[in-house]
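The following exercises concern the architecture of a two-chain model.

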Amino acid sequence: MINASLKQLSSALAAKKLSAVEMAAIFLDRIEKFNPALNAFITTDREKTLIQARAADEARRVGSGGTAISPLCGIPLAHKDIFCTRGWRTTCGSKILANFVSPYDANVVEKLAAAGMVTLGKLNMDEFAMGSSNESSYFGPVKNPWDVSCVPGGSSGGSAAAIAARLTPAATGTDTGGSIRQPAALCGLTGLKPTYGVVSRYGMVAFASSLDQAGPMAKSAEDCALLLSAMAGFDTRDSTSLERTPEDYGRDLDKPLAGLRIGLPKEFFGEGMDADVRAAVETALTEYRKLGATTVDVRLPNSALSVPAYYVIAPAEASSNLSRFDGVRYGHRAAEYADLAEMYSRSRAQGFGAEVKRRILIGTYVLSHGYYDAYYLQAQKIRRLIAADFVAAFKECDVIMGPTSPSVAFAFGAKSADPVQMYLSDIYTISTNLAGLPGMSLPCGFGNTQLANPMPVGLQIIGNWFGEAKMLNVAHQYQKATDWHTQMPEVAK
Amino acid sequence: MSWEIVIGLETHAQLRTKSKIFSGSSIAFGAEPNVQANAVDIALPGVLPVLNREAVVCAIKFGLAVGAKIAPRSIFARKNYFYPDLPKGYQISQFETPVVSGGGLTIRVGSGDTATEKFVRLTRAHLEEDAGKSLHEDFHGRTGIDLNRAGTPLLEIVTEPDMRSSAEAVAYAKALHALVQWIGICDGNMQEGSFRCDANVSVRRPGEALGTRREIKNLNSFRFMQQAIDFEVQWQINEIEEGRAIRQATVLFDPDSGETRSMRSKEDAHDYRYFPDPDLLPLEITADWIDQVKSGLPELPQAMKARFESDYGLSSYDAAALTTTRATAEFFEDTTAATGKGNGKLCANWVTGELAAHLNKTDMPIEASPVSAAQLAGVIRRIADNTISNKIARDVFEALWSGEGKDVDAVIEAKGWKQITDTGAIEALVDEVLAANQKSVEEYRAGKEKAFNALVGQAMKATKGKANPQQVTDLLKKKLGA
């Protein structure tokens, strides 16, 4: 049961092999047993979960008055703690929101609840989604289930670890510079960041508004397609959400890949990628050629600029987005202060961790008078150049492929002393966010094979704008031909 | 050597939308604190702004009314600063690309025939949200925060430094105040803060470059504006004449002392770190949208003033007085429509004279006038057809004003004020007057013009003012062989 696909779980519920309450209990018990070692969840609440499960059972029993019951009804999932959930606390991995209970649900939470999905709890994450290792969480680091001495990736590290350890069948994540794809790669999962604007950002605590996008994380492309179909859609409360006809993202899953043109950017296969990652990715490409695809070389000449541009734009937006955490209306407020200025400085100094402070300082600096033109405006220009690179590349191919991350999961502390090394973990994922393109990661082998614990490698697929269904098709066909996505760590067996 | 005063004004006009500029909360004034603040207004984590289309319509109306350029694409920017009544830690405003730029207002400075017209150029007008209110008084050493006002739509209207006296500044502010109400985008209520002005003031020797300015914040009455600018100008002149340089600063006007006080100098000015708000798309306004708004716009005061002058033969002064507010203009036009175009001048005299005097005395807006346009038209019709004299008309008006009567003719009838136009009756009367005032007759015949007026006066007195003065005059002249 814990390794079943969402489709199988759905069938089991439909066939009354077990109830949603029983299904939820299986995962709640696993969370109770394994979470203390993994620290993937920040908040669980068995009672609240079971109330939702009972409601799902009831919905499946009585039907929903003519409209079809969603196949997701009764299936449990967990939310990254960046999504506001009414009645559950929403911490965003930060001390400043450690006791914040939202009075409203995020759009994504609302939509998945409307489909009848049952919330298992709130998942750990890098503080305010700033990080690639989950070491910046106020609630402590998440451990990688494949090797608890290694990071799970970030910022959606709790989501990735929880699915890998089979503490939940699926989870929501958010991706600002790779925060869905990189942890999916490091934990051997499938995760998808949609085109900017496909999923509403309403109720998702903002990190960098022009880059943030929510997406599904699960064990397979097929599961991601089901979840994305339920998560996506226009929302009048988000001005950057796109008004488009609703899609079934699984519609093309079974299309054969004959004739598929895979673009391989030279810039994604240069120096900086570990040999084990390169080998796994090359093997995956060989598999794709077997499936009828052809590979073409493409150029993304400005991709080297993506990390510096990102580390101007994302901190700039974050420095402003995080201003609302001031201790005035909610969240942490310092116990003692002499005046207003001190109330702000102490509350924020105590409430934010080091990485968040670093990015607020960078962002404040690059937006300052006299520096704005040199940094922010330049970075925005680079952003347009990067998008133009992709437009040119997609004239020659249908999808782009490469590694998700330059290395497999690294040990705790390996990069935390050097922020730049940490930032480079996202070197292959960031340009996608800058261009607003969809991207996904799927398991394609293992690295670090000399050691006791082989660690998963992720293959990245970048699609054209609104190319989610195509990407999922490309991923699903690979997953039909290979079994990397069904591999699991010891804890899940 | 004389000094030249240079003034530019920045005005925040609260827009008359139903809801806030970026959320669905009501903006009605006077509610209990924080009941009109939803998740977006209090800036909970994860909330996002959605632009209120009505606020944009208001901006377009204003742009059209002042002959400005309406940007086909403008950008909302974040102005970042910390303050407890600013929930997001930034204000959403417009910075580099405002929705409205250019245009201007014609103002009248001075009164009566000596008044002069001047064109004040506008730099820009942009949309932004208001902050909440900090309540420092009611909480014994603590500060209360009311976020009802947070997110209220504002249009910030900025002039070029075109005004050269406090009188010009006040004339501009009044003209703007009238205009925003005229086109229905602002209720103009200065007590409630719907219309607030900041004045940038500097002085210089004529012909020299602009002096250093100081900004007087939050002037919420025309009288304070005049006092504050006058004080500030004198202060700046004294400083310079005593050899001290003016330093750029923000100052507050204290109505009790009549003085301006420095709030903060340029050195502690914020760096607002403006940047385009990534939560909002660029505001795009199509030509079609502008046309649609234009078709719903009322006739503008300047156009109406010109029409009053040409259609009714009014003086520029009268036409200006009648177009100070839309309600006044409508009252005048309703009155004129009911009396005929030929009585335009008479109607103008009554609206700007008797009616205005009564309204002023009781501090009443014309909308609340106890004498309706239809009633005033009734009075004017009876003057025009010689039923009553101007003097009696004032008594009729008074009776209508006090509520003593409603129907003009009924009042005239009941009071027996109908003008005597029967030639026979007047002739008999004139004969009596001549007989009783032989002395005046002789004086008149001896060449004293004044004596004639005395005779007319006697005749009018004898009829309690009801005789037609023209008929009396004519008859007297005939009888005296003049």
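**Exercise 1. Describe the secondary structure and overall dimensions of chain A.**

Step 1. Chain A contains 15 helices and 11 strands; helices (H or I, at least four residues) and strands (E, at least two) are DSSP runs numbered from the N terminus.

Step 2. The radius of gyration of chain A is 21 Å, close to the 23 Å that the globule rule gives for 493 residues, so chain A is as compact as a globular protein of that length. This radius is taken over C-alpha atoms, and the globule rule is 2.2 Å times the number of residues to the power 0.38.

Step 3. The C-alpha trace of chain A spans about 65 × 55 × 50 Å along its principal axes.

Step 4. Of the 493 residues of chain A, 59% count as buried. A residue is buried if 20 or more other C-beta atoms lie within 10 Å of its own, exposed if 12 or fewer, and partly exposed in between, with C-beta atoms placed from the backbone.

Step 5. Among contacts in chain A between residues at least 6 apart in sequence, 76% join residues at least 24 apart; two residues are in contact if their C-beta atoms, placed from the backbone, lie within 7 Å.

A note on conventions: this is a predicted model, in which local features need pLDDT of at least 70 and side-chain atom pairs count only at pLDDT 80 or more, while totals for chains, interfaces and linings use all residues. Residues are numbered from 1 along each chain as its sequence is written, and chains are lettered from A and ligands numbered from 1 in the order in which they are written.

**Exercise 2. Carry out the corresponding analysis for chain B.**

Step 1. The secondary structure of chain B comprises 15 helices and 17 strands.

Step 2. The radius of gyration of chain B is 30 Å, well over the 23 Å that the globule rule gives for 482 residues, so chain B is more spread out than a compact globule. Its C-alpha trace spans about 95 × 55 × 50 Å along the principal axes.

Step 3. Buried residues account for 41% of the 482 residues in chain B.

Step 4. An automatic or database domain assignment divides chain B into domain 1 (10–188 + 268–291), domain 2 (299–415) and domain 3 (423–479). The C-alpha centres of domain 1 of chain B and domain 3 of chain B lie 66 Å apart.

**Exercise 3. Characterise the side of chain A that touches chain B.**

Step 1. The contact takes 36 residues from chain A and 25 residues from chain B.

Step 2. On the side of chain A that touches chain B, α9 (306–321) and α11 (354–367) of chain A each supply at least two residues. The largest share, three residues, comes from α9(A).

Step 3. By class, this side of chain A has 16 nonpolar, 13 polar and seven charged residues. Here Ala, Val, Leu, Ile, Met, Phe, Trp, Tyr, Cys and Pro count as nonpolar, Asp, Glu, Lys and Arg as charged, and the others, Gly among them, as polar.

**Exercise 4. Determine the strand partners of β9 (residues 399–403) of chain A.**

Step 1. Five of the five residues of β9(A) are buried, and the strand is mostly covered.

Step 2. Strand β7 (residues 261–265) of chain A runs parallel to β9(A), joined by two bridges; two strands pair if DSSP finds at least two bridges between them. A:G263 stands opposite A:I400 in β9(A).

Step 3. With strand β11 (residues 455–463) of chain A, β9(A) pairs in the antiparallel sense over five bridges. The bridge partner of A:V399 in β11(A) is A:G463.

**Exercise 5. Is A:C187 buried or exposed, and which residues does A:C187 touch?**

Step 1. A:C187 lies in helix α6 (residues 181–187) of chain A.

Step 2. With 33 C-beta neighbours inside 10 Å, A:C187 counts as buried.

Step 3. Not counting residues up to four places away in sequence, A:C187 touches several residues, including A:N144, A:W146, A:A160 and A:P456.

Step 4. A:C187 and A:V408 are 221 residues apart in sequence and 9.0 Å apart in space, C-alpha to C-alpha.
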